Amino acid sequence: MLVVQAILLLAGWVGPVETTPARRAGQDGPDLRTIQEVRIEVDGASIRALCTDGARSVLLMHGTDQNADGWLPVLQRLDRSTGACAYDRRGSGGSTPAPGERGWYELVDELRRIHLALGFERDYVLVGHAVGGLYARVYAADRPHVGALLLVEPAHEDMLARVRAGLPEEQWESWRQSREAVNDDGVSEADIGRRARRSRLPPIPVTVLTATQRPGLDERSARFITDAARQVHASILEGVTAGRHVPASRSGQDVHLEQPDLVAEEIFRLVRITSQRRLGT
């Protein structure tokens, strides 16, 4: 990481990395992993991340209206040989707000600089939840540095059209407008979705976790939306030779909070596969 940081400093892309003293997330105890809060600067913006010790191999991206703290239950379950970071994108948590409206390429380019500054150069496992999963797909297709993808109940460009017949018109229209609006990342989900539709994933292992519980909905609506999510998530794996579609049978949309063991287990599997591929075994 020090070499990467030195290169980025010379290029004028990032500022010095700062860390706070180690702390423990959740209840204090001997079995909990130590999590450090890390701050980096990218293009003059301050980015906050939560990182474990160990060689950096897993990077986690949060969904809308969340931040890196949501990944703490997963970070605590990773073994001590797995170094991981979850970070607040610009406009979320403790990071600097986004610079205003921008396109998908500008967002992906910024994410790349953040990943480099955190010590992630290539062959790492990229994990994305909700809209973070949509970003992760576009990122992996456009920046071939990712070794494997884990998409946790990811947002999908076809989901809105798929559920129209099962939602009240007013609710559907509200969702459509929110997707077209510029979000805290400075982009619209609809714009990223249009790019995702034109993108193709590289030949890397990809796992998609789909929630099967939809609290707050009546039984019919819950079944309808779950089936729609299952279908659009399955479409991500079309043409992927190392694809895996896993139901999160006890979770709503926040699988990483409700079934962190499932997410951690899949991370372990992808880390092993990526390591074996890198070593040629």
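In this predicted model, the largest pocket holds about 760 Å³ of space. Its lining is made up of 31 residues, and those nearest the centre are A130, E153, W175, R214 and Q253. Helix 5 (159-163), helix 6 (169-180) and helix 8 (219-236) are the elements that each give two or more residues to this lining. Helix 6 gives the most, with 4 residues.

The second largest pocket has a volume of about 370 Å³. Here 19 residues form the lining, with S199, R200, L201, I236 and E238 closest to the centre. At least two lining residues come from each of helix 4 (131-142), helix 7 (189-198) and helix 8. Helix 4 supplies the largest share, 3 residues.

Here is how the two linings divide by residue type:

Now to the aromatic rings. The structure holds 2 aromatic pairs. One of them joins W104 and Y105 edge-to-face, at 5.6 Å centre to centre and with 80° between the planes. W104 counts as buried because its relative accessibility is 16%, under the 20% cut-off. Y105, at 44% relative accessibility, counts as partly exposed.

F120 and Y124 also pair edge-to-face, with 5.3 Å centre to centre and 70° between the planes. F120 is buried at 1% relative accessibility, and Y124 is buried with a relative accessible area of 1%.

One more ring contact is worth a look: the charged end of R164 sits over the ring of W172, at 3.9 Å from the ring centre.

Terms used: Residues numbered from 1 in each chain as written. Predicted model: local features only at pLDDT ≥ 70, side-chain atom pairs only at ≥ 80, totals over all residues. Heavy atoms only, no water. Phe/Tyr/Trp six-rings, centres within 6.5 Å; stacked < 30°, edge-to-face > 60°. Buried < 20%, exposed > 50% of the residue type's maximum accessible area, 1.4 Å probe, protein only. Lys NZ or Arg CZ within 6 Å of the ring centre and 35° of its normal. 1 Å grid on protein atoms, 1.4 Å probe; cavity = no way out; pocket = protein on both sides within 12 Å on 5 of 7 lines; lining within 4 Å. Points joined across faces, edges and corners; volume = space filled by probe spheres on them.
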